[in-house]
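The entries follow the order in which I worked.

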Amino acid sequence: MELNIGLRNTKSAIFKGIIVFFAFLITVPLIVVLGYIIKQGIFQVNWHFLTSVPAPVGETGGGIINALVGSFIMVMVAAVVAIPVGMAAGIYLSENPRSKLAYYSGLCVDILQGVPSIVVGIVVYFWIVKPLGTFSALSGSAALAIMMLPIVIRSTEQTLKMLPDSLKEAALSLGVPYHRVILKVIVPCGFAGILSGIMLSIARVIGETAPLLFTAFGNPYLSYSLTKPMESLPHLIFTYATSPYDDWHNLAWGASFILLMFVLVLNIFTKVLTRKWKVQL
Amino acid sequence: MESTIVKAENYNSYFGDNHVVKDVNISINKNEVIAVMGPSGCGKTTFLRGINRMHELIPNATSKGKILLDGENVYDMNAIYVRSKIGMVFQRPNPFPNLSIYENVVAGYLLNGIKISKADKDVIVEKSLTSAALWKEVKDSLHKKGTFLSGGQQQRLCIARAIAMQPELILFDEPTSALDPISTSSVEALFHELKANYTLIIVTHNMQQAARVSDRTAFFYMGELVEFDDTKQMFTNPADQRTQNYITGRFS
């Protein structure tokens, strides 16, 4: 067999060129989208924009404080519910991977992850909005919590599964009871990974519009009440962008810019924190 | 006057239907160093893990018979209590990566939520690290993470962690198999010193190690305790043909 070294090297070089090209190519859409939103949105943002409620039609100015506060409250309430529940389920799944319950709840998590967000919205509408007779921030939070759950569960499970069994054995052999082994050894050792899952789930749901359409509904006024309709950033963008008014379009661009920056900062923050808190095994 | 600390009576272990430790009877005295040797899969580690009830943590694992610790059957006691009375050192060094060297030594107290004063902790840390021949090397870096140490140092840290709980008995599951020769000899040298205060049971598949460190040796083969005798006697004049075959290297 004759080995054509030159041809082989050329093929390798071409292959390498192709993967480098595509790796570069995928950054283009992100940069273009980022650049466009920054260009359109950055000049809308000022103190007035961040601190006032939207102006009535026909008046100039107005801001997005109602949506900022609304998004913050709804995501926080969702997180307070979804994080402990998701972590507990994730711990169970990683601890008992072979049990029947783990199989079925794992299956449910996968399906839940695939449920379109608008469907989650409709379900919550029938569960909470209809019985209560009103759109409410609480129902919005419920929809967001359902969206967050699979991400928190899977990231907790995957992180804890990567920890070596020897860690658990070390603690158990010291006579440490099981619940303390989990809470004092396993979870702290996997904390960086769990945290990054939590941050990603927040970044994911903060931009969700569909589940809020029939639940939190939206509100042109500033509201702090969980039982009343509440505005959110993505919903505000949706309403303003589909309106016929130019200055509303500008507000939508400003709000998009804020939302994008939030997600970007959250992602960078997560990367830094996980690197800092990562436990060296 | 020798007194028995651990005694196994008709002890059997199973993984599902697989009978891995068969009807073991053995009696171990205080302040002895016991080596448990035998080829891979002979049940020596399973037997060891039966003593502090770590065996039962594996799904499907069961056991029968008695293990008496100071005359009391460990299977009648609370498993958590048993494990806090018996120290254990594993094959691979496993210091807690989220804790400092200092915290690792007192991990048995910290993780169990046992409150002790800072002064007591300081004493325990220094004493345990000194006993584990690690104090000199780490006394200036006690608050660094334990995982920054070398493999041999990490293993001695794990020994210090076991000693800190003041057990009477310490179990070693092939404690040097993941270590380089220099670290191995430092850990072996430690066994001689620990003997004064503790009873050691050391599982090893390294015959030379068994010969070097132990007073008495138990030879396991296919789940049976074939022979248990003075180490010298065992290596010079074994009673059983299978023991002879093993130490002459006819099977490993």
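The entries below go through each chain, the contact between the chains and a few single residues.

**Entry 1: the kind of model**

I noted at the outset that this is a predicted model.

**Entry 2: chain A as a whole**

I first looked up the secondary structure of chain A and found 13 helices and 0 strands. Read from the N terminus, the order of the elements is α-α-α-α-α-α-α-α-α-α-α-α-α. I then asked whether chain A is a compact globule or more spread out. The radius of gyration is 24 Å, whereas the globule rule gives 19 Å for 281 residues; chain A is therefore more spread out than a compact globule. Along the principal axes, the C-alpha atoms of chain A fill a box of roughly 75 × 60 × 35 Å. I recorded that 38% of the 281 residues in chain A are buried. Of the contacts in chain A with a separation of 6 or more, 75% are between residues 24 or more positions apart.

**Entry 3: the domains of chain A**

I looked up the domain assignment, which divides chain A into domain 1 (5–41) and domain 2 (47–277). Taken over C-alpha atoms, the centres of domain 1 of chain A and domain 2 of chain A are 32 Å apart. Domain 1 of chain A gives 4 residues to the contact, and domain 2 of chain A gives 5 residues.

**Entry 4: one residue of chain A**

Is Tyr92(A) buried or exposed, or something in between? I found that Tyr92(A) counts as partly exposed, because it has 18 C-beta neighbours inside 10 Å; a buried residue would need 20 or more. I also looked up Tyr92(A) and Ala203(A), which are 111 residues apart in sequence, and their C-alpha atoms are 25 Å apart in space.

**Entry 5: chain B as a whole**

In chain B I found 11 helices and 10 strands. The radius of gyration of chain B is 18 Å, which agrees with the value near 18 Å that a compact globule of 252 residues would have. The box filled by the C-alpha atoms of chain B is roughly 55 × 40 × 40 Å along the principal axes. Buried residues account for 47% of the 252 residues of chain B. Residues 24 or more positions apart make up 68% of the contacts in chain B with a separation of 6 or more.

**Entry 6: strands of chain B**

I looked up the partners of strand β4 (residues 61–69) of chain B. Strand β1 (residues 4–15) of chain B runs antiparallel to β4(B), and 8 bridges join them. Asn12(B) stands opposite Lys64(B) in β4(B). Strand β5 (residues 72–73) of chain B also pairs with β4(B) in the antiparallel sense, over 2 bridges. Here Asn73(B) in β5(B) is the bridge partner of Leu68(B). The hairpin of β4(B) and β5(B) has 2 residues between the strands, and Asp70(B) takes a positive phi near 50° there.

**Entry 7: where the chains meet**

How many residues does the contact take from chain B and from chain A? I found 22 residues from chain B and 19 residues from chain A. On the side of chain B that touches chain A, α2 (79–85) and α4 (107–110) of chain B are the elements that give two or more residues. The largest share, 4 residues, comes from α2(B). By class, this side of chain B has 11 nonpolar, 8 polar and 3 charged residues.

Note on methods:
Residues are numbered from 1 along each chain as its sequence is written. Chains are lettered from A and ligands numbered from 1 in the order in which they are written. This is a predicted model: local features need pLDDT of at least 70, side-chain atom pairs count only at pLDDT 80 or more; totals for chains, interfaces and linings use all residues. The radius of gyration is taken over C-alpha atoms; the globule rule is 2.2 Å times the number of residues to the power 0.38. A residue is buried if 20 or more other C-beta atoms lie within 10 Å of its own, exposed if 12 or fewer, and partly exposed in between; C-beta atoms are placed from the backbone. Two residues are in contact if their C-beta atoms, placed from the backbone, lie within 7 Å. Domain bounds come from an automatic or database domain assignment. Ala, Val, Leu, Ile, Met, Phe, Trp, Tyr, Cys and Pro count as nonpolar, Asp, Glu, Lys and Arg as charged, and the others, Gly among them, as polar. Two strands pair if DSSP finds at least two bridges between them.
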